[in-house]
Amino acid sequence: MKDSTRTALLVGVRTLVAAACVALVVVERKTIGWGHLGIMLLALAGLMALLASYNRRYQ
Amino acid sequence: MLACLLPALVLFAVFMVYPTVNVFRMSLYTWSGFSPDMKFVGLDNFRHLIDDEQFVRAFQNTVTLLVVVTAVTMGMGLFLAAIMTRQKLRSRNFLRFVLYIPNVLSVVVIAAVFSAIYDQNNGLLNSMLRLVSLDSWQQVWLGDQKVVLYSVGIAMVWQSLGYYMVLYMSSMSSIPEELYEASGLDGASATRQFFSITMPLIWQNLRTSLTFFIMSAVNLSFVLVRAMTGGGPDSSSEVLLSYMYKQAYTNSSYGYGMAIGVVIFAFSFLVSLLMSRATKREPLQF
């Protein structure tokens with residue numbers, strides 16, 4: 001696979017995952033409960049993991 | 001050396017360390033806040049938190065505001081800063097001034113402004129929607145359980161956006177123009193320049209502001225919720241700090257309020273620490 005294609009694919013996947021995490025937080029908020037709060041916290045952790053994976057190559 | 005540090009250390013201990021330790025200590029007691037009777041109950045306050053649905057709702061609202069407001073504010077702040085720095089807009093100074101004004105205003109004034117904007121009958125938002133024949137989009141912005149939290153979130157974004165935009169603009173302005181010229185000659189697009197030049201060179205600033213924003217968002221949400229909705233309707237806009245305040249000072253459950261305070265402390269500290277770790281990198285010199 002060409003480098004440019006791989007980069008574009010990676011950017012696309014990261015954008016999708018970030019959008020999914022934000023959407024998950026918004027959707028799970030509608031129902032009150034520890035389980036739903038847990039999923040929201042997982043989504044928050046997912047966003048931070050995404051940021052860490054983007055940042056990894058610069059460390 | 002120690003003598004020089006002593007006044008600062010004493011102030012830090014009296015105003016930071018002692019109150020923080022006291023919050024942890026008080027979370028182990030039941031106390032009304034006024035009477036001399038304090039009863040040690042161990043971890044009972046924390047056990048009650050597990051069964052408290054209002055606490056879970058407030059926690060969920062806090063996480064929602066933290067994620068949505070941070071993503072929107074940081075994203076828009078970066079985007080606007082990049083546009084205003086790289087594009088030679090005529091009205092750049094005016095736009096910067098307009099966007100920065102909310103940061104100078106008191107949060108309570110902002111709450112009053114947005115309460116007027118969201119007014120059901122004579123508010124700017126519903127009037128505008130009526131004007132463009134979008135009557136069905138009209139809402140009771142601060143009275144509908146589904147939208148009230150996002151109405152508060154918009155006020156939070158409006159308050160913070162200008163500050164972070166100006167912060168990023170100052171970092172972007174210090175990047176040498178030659179870097180953009182050289183990459184332009186190599187055929188780099190504006191997007192490529194942003195991600196390969198601008199972002200790495202302002203990263204330290206971005207990192208600090210992100211960590212700082214997470215902590216300030218928790219505080220800001222309290223003031224806005226308190227001034228705009230009081231946590232209502234039916235606790236649907238309650239956030240952790242407003243719930244803690246309600247328990248400690250309105251409900252006279254000081255110990256229980258402090259237990260919520262401990263959870264807020266642990267949550268803010270953990271998120272800020274993880275964010276700081278996730279964004280750590282070697283600073284670039286230019």
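Biologist: Why is B:Glu177 called partly exposed?

Modeller: The relative accessible area of B:Glu177 is 36%, and since buried means under 20%, exposed over 50% and partly exposed in between, with a 1.4 Å probe and protein chains only, B:Glu177 is therefore partly exposed. This is a predicted model, in which local features need pLDDT of at least 70 and side-chain atom pairs count only at pLDDT 80 or more, whereas totals for chains, interfaces and linings use all residues. Residues are numbered from 1 along each chain as its sequence is written, chains are lettered from A and ligands numbered from 1 in the order in which they are written, and side-chain values use heavy atoms, with hydrogens and water left out.

Biologist: What makes the pair B:Arg86 and B:Glu177 a salt bridge?

Modeller: The N to O distance between their side chains is 3.2 Å, and a salt bridge requires a side-chain nitrogen of Lys or Arg within 4 Å of a carboxyl oxygen of Asp or Glu, so the pair qualifies. B:Arg86 lies in helix 3 (residues 53-86) of chain B and B:Glu177 in helix 8 (residues 177-185), so the pair ties together parts that are 91 residues apart in sequence. B:Arg86, with 30% relative accessibility, also counts as partly exposed. Helices here are DSSP runs of H or I with at least four residues, strands are runs of E with at least two, and both are numbered from the N terminus.

Biologist: How many salt bridges does the structure hold, and what makes B:Asp44 and B:Arg47 one of them?

Modeller: Over all chains there are three. The closest N and O atoms of B:Asp44 and B:Arg47 are 2.4 Å apart, so the pair meets the salt-bridge criterion. Both residues belong to helix 2 (residues 44-51) of chain B, where they stand three residues apart, about one turn of the helix. B:Asp44 is partly exposed, at 30% relative accessibility.

Biologist: In the salt bridge of B:Lys246 and B:Glu238, which partner is buried and which is partly exposed?

Modeller: The side chains of B:Lys246 and B:Glu238 meet at 2.8 Å, N to O. B:Glu238 has a relative accessible area of 1% and is therefore buried, while B:Lys246, at 25%, counts as partly exposed.

Biologist: Why does B:Ser151 count as buried, and what does its side chain reach?

Modeller: B:Ser151 has 3% relative accessibility, so it falls under the cut-off for buried. B:Ser151 sits in helix 7 (residues 148-173) of chain B, and its side chain reaches the backbone oxygen of B:Trp141 at 3.0 Å. Leaving aside neighbours within four places in sequence, B:Ser151 is in contact, meaning heavy atoms within 4.5 Å, with B:Tyr118, B:Trp141, B:Leu142 and B:Met228.

Biologist: What makes an empty space a cavity or a pocket?

Modeller: Rolling a probe the size of a water molecule over the atoms shows where empty space is left. On a 1 Å grid over the protein atoms alone, a cavity is a set of points where a 1.4 Å probe fits but cannot get out, whereas a pocket is an open set with protein on both sides within 12 Å along at least five of seven lines, and lining residues have an atom within 4 Å of a point. Grid points are joined across faces, edges and corners, and a volume is the space filled by probe spheres set on the points.

Biologist: Which residues line the largest cavity?

Modeller: The lining consists of B:Thr62, B:Leu65, B:Leu66, B:Ala217, B:Val218 and B:Ser221, and helix 3 and helix 9 of chain B each supply at least two of its residues. The space in this cavity is about 30 Å³.

How values were computed
A polar contact is a pair of N or O atoms within 3.5 Å; within protein, one must be able to donate a hydrogen and the other to accept it, and residues adjacent in sequence count only if both atoms are side-chain atoms.
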